[in-house]
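The sequence and structure are shown first.

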Amino acid sequence: MDLIDETIAAIRPLDGAAMRDARDHQARLTKPPGSLGVLEEVSVRLAGLAGQCPPPLPEPAAVAVFAADHGVHAQGVTPWPQEVTAQMVANFLAGGAVVNAFAAQVGARVSVVDVGVATELDGTEPDGTEPDGTEPDGTGAGDAPGLLRRKIAAGTADMTAGPAMTAGEARRAVETGIEVARELAADGAGCLIAGDMGIANTTASAALIAAFTGLPPEDVTGRGTGIDDATHAHKVEIVRAALARHGLAAGHGAAPMETLAAVGGLEHAAIAGFVLGAAALRVPVVLDGVIAGAAALAAAALCPDALGGCVAGHRSAEPGHAAALRALGLRPLVDLELRLGEGTGALLALPLVQGAVRVLHEVATFDSAGVSEKSGGAEEDGSGRP
Ligand SMILES: O=C(O)c1ccc[n+]([C@@H]2O[C@H](COP(=O)([O-])O)[C@@H](O)[C@H]2O)c1
Ligand SMILES: Cc1cc2nc[nH]c2cc1C
């Protein structure tokens, strides 16, 4: 059995008994039943993931920013030059990006995983040596702490001309995501966040979401980093052409690994693996924006139970993200019209997830605090409605 099959075989559904314990416990806490709304369901799901109530606090959190480039960039789907991917990797490693600020805010550790950056990272050659051929000496951005060198290819190929990845590249990217989840969990992370960086990756995200949901390209293709109406119309047609070329147009069904290889990105495949790897270890994942949403659809297609321990951190401004979350049955915790990626929306939601679980640990029950319960005959349905 290879790593992907072994990981999928290890994934189990949420534990129903632990979920019932969490629901019962929530009902005994000193608050009107149901008054913590969506957070109660988050706590119940994390109890189901851990198989115990209360589940461990989801901390410390670790963010892995999966970075990769995209051949479809050549089709003029984004106003940004491709080298911005590598430049932003250097910025993450120097601590200067929004993900660094938001991670510092919540005490999360940031790692950057190069799974497919096309431009070489500052100061290093493709194999990670210094330009003069010596081993990395700590002077280039490529040597900074927090960089995981897992480059599978120098970006994907143009999905409108052929498959974005070979089958082997797609599998290696999924395996890389599993390995990174394992490494971060082994280092003590109690909650995982997948961020992304990749100029043009909202085009690949739209193609994946259309393929997995069957929705038409115009419903799931957004403006990414910011494009005018004409470029947006062109982007929709590029997504349509890629789906048609690979036989992925609405209603044709989508085999997960083949779909990832045809129209996905190396970071999408790695994030799908990261979700699978975390699920096998029963570690919760807070999902970020449209790239994570597209990757989560692939993970769910590979193993539906993999999504049991995933929380949708936020809803991004990309229309495809809302479509992906609907298809996954996930309700986003935060909706601030963010459209940045990097893991930023998930990091903002992290304290909500942690707070949801902390309630199960720390809040007194009516019995223990001597607080009277409500009187009256209405059947308790947990909704908080009388
Ligand atoms: O997270 C999101 O929902 C999101 C929405 C729009 C843009 N992004 C980020 O912007 C980049 C891709 O945008 P684009 O327009 O080049 O496809 C990539 O680095 C993503 O992390 C991210
Ligand atoms: C500057 C910049 C920062 C980003 N972070 C994630 N995607 C990004 C895209 C751009 C263009």
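## Strand pairing and the sheet

Strand 1 (residues 61-68) and strand 4 (residues 191-197) run parallel and are joined by 7 bridges. One of the bridge partners is cysteine 191 in strand 4, which pairs with alanine 61. The model is a predicted one.

These two strands belong to an open sheet of 6 strands, arranged in the order 3-2-1-4-5-6 with parallel pairing. Strand 3 (147-149) and strand 6 (310-312) are at the edges; each has a single partner strand, so one side of each has no neighbour in the sheet. Ignoring direction, neighbouring strands are turned against each other by 25° on average.

## A helix on the sheet

Helix 4 (residues 84-94) packs on this sheet and touches strand 1, strand 2 (109-116), strand 3 and strand 4. The direction of helix 4 makes about 155° with that of strand 2.

## Helix 7 and helix 9

Helix 7 (residues 201-213) and helix 9 (residues 229-245) have axes that come within 10 Å and cross at roughly 50°. At that angle, helix 7 is oblique to helix 9. The crossing of helix 7 past helix 9 is right-handed.

On the helix 7 side, the contact involves Thr203, Ala206, Ala207, Ala210 and Ala211. They meet Lys235, Ile238, Val239, Ala242 and Leu243 in helix 9. By class, this contact of helix 7 with helix 9 has 8 nonpolar, 1 polar and 1 charged residues.

## Surroundings of ligand 2

The residues surrounding ligand 2 are Trp80, Val84, Met88, Met197, Thr225, Leu340, Gly341 and Glu342. Sorted by class, this shell has 5 nonpolar, 2 polar and 1 charged residues.

Note on methods. Residues are numbered from 1 along each chain as its sequence is written. Chains are lettered from A and ligands numbered from 1 in the order in which they are written. This is a predicted model: local features need pLDDT of at least 70, side-chain atom pairs count only at pLDDT 80 or more; totals for chains, interfaces and linings use all residues. A residue is near a molecule or strand if its C-beta atom, placed from the backbone, lies within 6 Å of it. Ala, Val, Leu, Ile, Met, Phe, Trp, Tyr, Cys and Pro count as nonpolar, Asp, Glu, Lys and Arg as charged, and the others, Gly among them, as polar. Axes are lines fitted to C-alpha atoms, for helices over the stretch in contact, and angles run from 0 to 180 degrees between N-to-C directions. Helices (H or I, at least four residues) and strands (E, at least two) are DSSP runs, numbered from the N terminus. Angles under 35 degrees count as roughly parallel, over 145 as roughly antiparallel, 65 to 115 as roughly perpendicular and the rest as oblique. A crossing is left-handed if the near helix is turned anticlockwise from the far one by less than a right angle, and right-handed if clockwise. Two residues are in contact if their C-beta atoms, placed from the backbone, lie within 7 Å. Two strands pair if DSSP finds at least two bridges between them.
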